[in-house]
Amino acid sequence: MPFQEAQTGLRAVLGDRLSRSKSDLETHGRSETHFALTPPDAVAYPESTAEVAEIVRVCAKAACPVIGWGAGTSLEGHGLAVQGGVVLDFSRMDKVLEVRPEDMVAVVQPGVTREQLNHELRATGLFFPVDPGANATLGGMAGTRASGTTAVRYGTMAENVLALEVVLADGTVIRTGSGARKASNGYDLTRLMVGSEGTLGLMTELTLRLQGQPEAVAAATCAFPDMGDAVDCVIATIQAGLPMARIEFVDGPTVAAVNAYSGAAFPVMPHLLVEFHGSASSVAADAQFFGELVSDMNGQSFTWAEQAEDRSALWQMRHHAYWAILASRKGAKAIVTDMCVPISRLAEAVEATTQDIAMAGLEGPILGHVGDGNFHAILLIDPEKPEEMTRAKHIADTMAERALAFGGTITGEHGVGMGKLHMMEAEHGEAWDVMAALKVALDPANILNPGKMVRLGRNRGSAAGNNLPGA
C-alpha cells in the first residue's frame with residue numbers, strides 16, 4: 001500500500017503530528033453535505049512550508065496521495081481522500097505573516113481564516129472582502145476560487161490573490177505573482193493555482209489584496225410578491241449602475257425556515273438583501289434610489305439597517321440559512337448545488353428550478369448571489385430513502401444542463417470536487433483535455449488530490465489511479 005511505504009518517512013518528518021486516530025480520520029473523512037464517510041489513511045499537521053515540501057517528497061516516492069485540508073467547509077467533497085492517502089491539515093499554519101497597509105496587502109499562511117484576518121486588520125482601516133459565509137480558511141478559499149455575498153463588488157478569490165507560495169507534486173517550492181497590482185510577463189500561474197482544488201500544488205503562503213473600510217455602510221431587506229419582481233429589481237439596480245456591495249436573494253421557503261430557526265418574523269415571500277458601502281452621502285443617495293426601484297418593482301416590507309448590530313442580524317439570516325433549511329426537515333441531509341447564468345436568464349432559471357423541485361416531490365429552498373447570476377438549491381433528502389437521493393441528483397444535473405443552455409456555468413462558486421466532475425466535459429469539451437494535460441505535466445504520478453477536477457487517460461496523457469471508484 002502506498003501509505004505503508006510512506007509511513008516511516010512521514011513519521012521522521014512529523015513525529016506525533018502524523019495521526020491515525022479513528023476520530024481524526026473520521027473528522028477528515030466527512031463532508032458538509034451528502035457524501036459518504038471517506039477516511040484517509042492518515043492526517044498530517046505540518047507547521048511550515050519546508051515540512052509540506054518534505055511530506056510531498058516522501059509521498060511522491062511512494063505514489064501516496066496527498067490532499068490539502070482547510071476548515072472542511074467545501075460542499076462538493078473537495079477534501080475527501082477518495083483513493084486513500086494523507087490529508088494535510090493546515091490548521092497549524094495559521095499565522096498572518098505580514099500586513100503592509102501602505103500597499104493594501106496581507107501575507108498569510110493557508111490555515112488563517114477570513115474572520116481571523118479581518119480581526120487582525122481592525123486597527124489598519126482595511127479589510128479582506130471575500131465572504132463565502134462560512135469561516136473558511138484562506139487557503140481553502142483560494143483552492144476552490146471561493147466568492148460569496150460580496151463578489152458583486154469586490155470580486156472572487158481569483159481577483160484578490162496577488163501571489164502564492166506553492167509546493168508542487170515533487171516537493172519543489174515555487175512562488176507565483178508578486179505584491180504589485182499587475183504584471184505583463186509569463187504565464188499567470190497564480191490564476192492557474194487559484195481554483196485548482198489542490199490538484200496542481202499545495203498553497204503554503206498567500207499574498208492578498210485588501211480594501212479600505214468604507215466610511216458608511218447601510219443594509220436593507222425587502223420582500224416581493226414573486227421571484228420575477230425580485231430579479232427584475234436586481235437587473236434594474238445593476239443597469240442603473242448602483243455600486244452594491246452585496247445583493248442577495250432568498251425564496252419564500254428559505255424565509256420560512258429562517259423564521260422557524262431564529263425566531264424572526266420576515267414575511268414568507270421572496271426577499272432581497274442588499275448592502276451599500278461608501279461615503280455617508282453616497283450611501284444615502286444609493287439607498288434612496290434603490291428604495292425607489294423597489295417601490296417600482298412591487299417591493300414591500302422595506303427595512304433599512306445602519307447600525308452594525310442591526311446589519312449583523314440581517315446578514316445572519318443569510319449566512320445561517322443553510323443550517324435553518326437543514327433543521328426544517330428533521331434527520332435530513334442536503335445536496336447543495338449551484339449554477340451561474342447571465343443576469344438576463346436568472347429569473348427563468350430560478351423559476352424552472354423551482355418547478356423541477358416541485359415535480360420531484362422534494363423540498364429545495366433556493367437562495368443566492370443574484371447580483372452576479374449565481375444561486376443555490378438546498379435539496380433536502382431522507383438518507384434512508386435512496387430514491388430521494390436519485391431524484392435530487394437528477395435535479396442538480398438538470399440545473400447544470402440548464403445553466404449551460406442559458407450560456408452560463410455548472411458552478412459559480414462551489415467548485416467541482418466529486419459532485420460536478422461528471423459535468424465538466426459538457427461545459428469544457430476539448431478544453432477539459434487541456435486541463436488534464438496540465439495535470440499530467442505538473443503531477444505525472446497523480447498524487448495531488450486524485451479523482452478531482454479532471455479525468456486522466458482520456459485523449460491526452462495518462463497517469464496512474466486516475467478515476468474515481470466506479471467512474
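This report walks through the confidence of a predicted model and then two of its helical regions, H10 and the pair H14 and H15.

## How confident is the model?

The structure you are looking at is a prediction. Its mean pLDDT is 92, and 97% of the residues reach 70 or more. One stretch to treat separately is residues 460–471, where pLDDT stays under 50. For that stretch the model has 31 contacts beyond four places in sequence.

Helix H10 covers residues 252–262. Its buried residues are Gly252, Thr254, Val255, Ala257, Val258 and Asn259. An α-helix has 3.6 residues a turn, so residues three or four places apart point the same way.

What do the buried residues of H10 pack against? Their partners include both strands and helices: strands S13 (244–250), S14 (271–278) and S17 (366–369), together with helices H12 (308–319) and H13 (321–327). After H10 comes Gly263, which has a positive phi, near 75°.

## Helices H14 and H15

Next, have a look at helix H14 (residues 346–359) and helix H15 (residues 386–405). Their axes come within 10 Å and cross at roughly 160°. An angle over 145 degrees counts as roughly antiparallel, and H14 and H15 are therefore roughly antiparallel to each other. Their crossing is right-handed.

On the H14 side, the contact is made by Ala349, Ala352, Thr353, Asp356 and Ile357. H15 contributes Ile395, Thr398, Met399 and Arg402. By type, the residues of this contact divide into 5 nonpolar, 2 polar and 2 charged.

Definitions and conventions:
Residues numbered from 1 in each chain as written. Predicted model: local features only at pLDDT ≥ 70, side-chain atom pairs only at ≥ 80, totals over all residues. Heavy atoms only, no water. Buried < 20%, exposed > 50% of the residue type's maximum accessible area, 1.4 Å probe, protein only. Helix = DSSP H or I, 4+ residues; strand = E, 2+ residues; numbered from the N terminus. Contact = heavy atoms within 4.5 Å. Axes fitted to C-alpha atoms, helices over the stretch in contact; angles between N-to-C directions. Parallel < 35°, antiparallel > 145°, perpendicular 65-115°, else oblique. Left-handed = near helix turned anticlockwise from the far one by under 90°. Nonpolar A, V, L, I, M, F, W, Y, C, P; charged D, E, K, R; others polar. pLDDT = per-residue confidence, 0-100.
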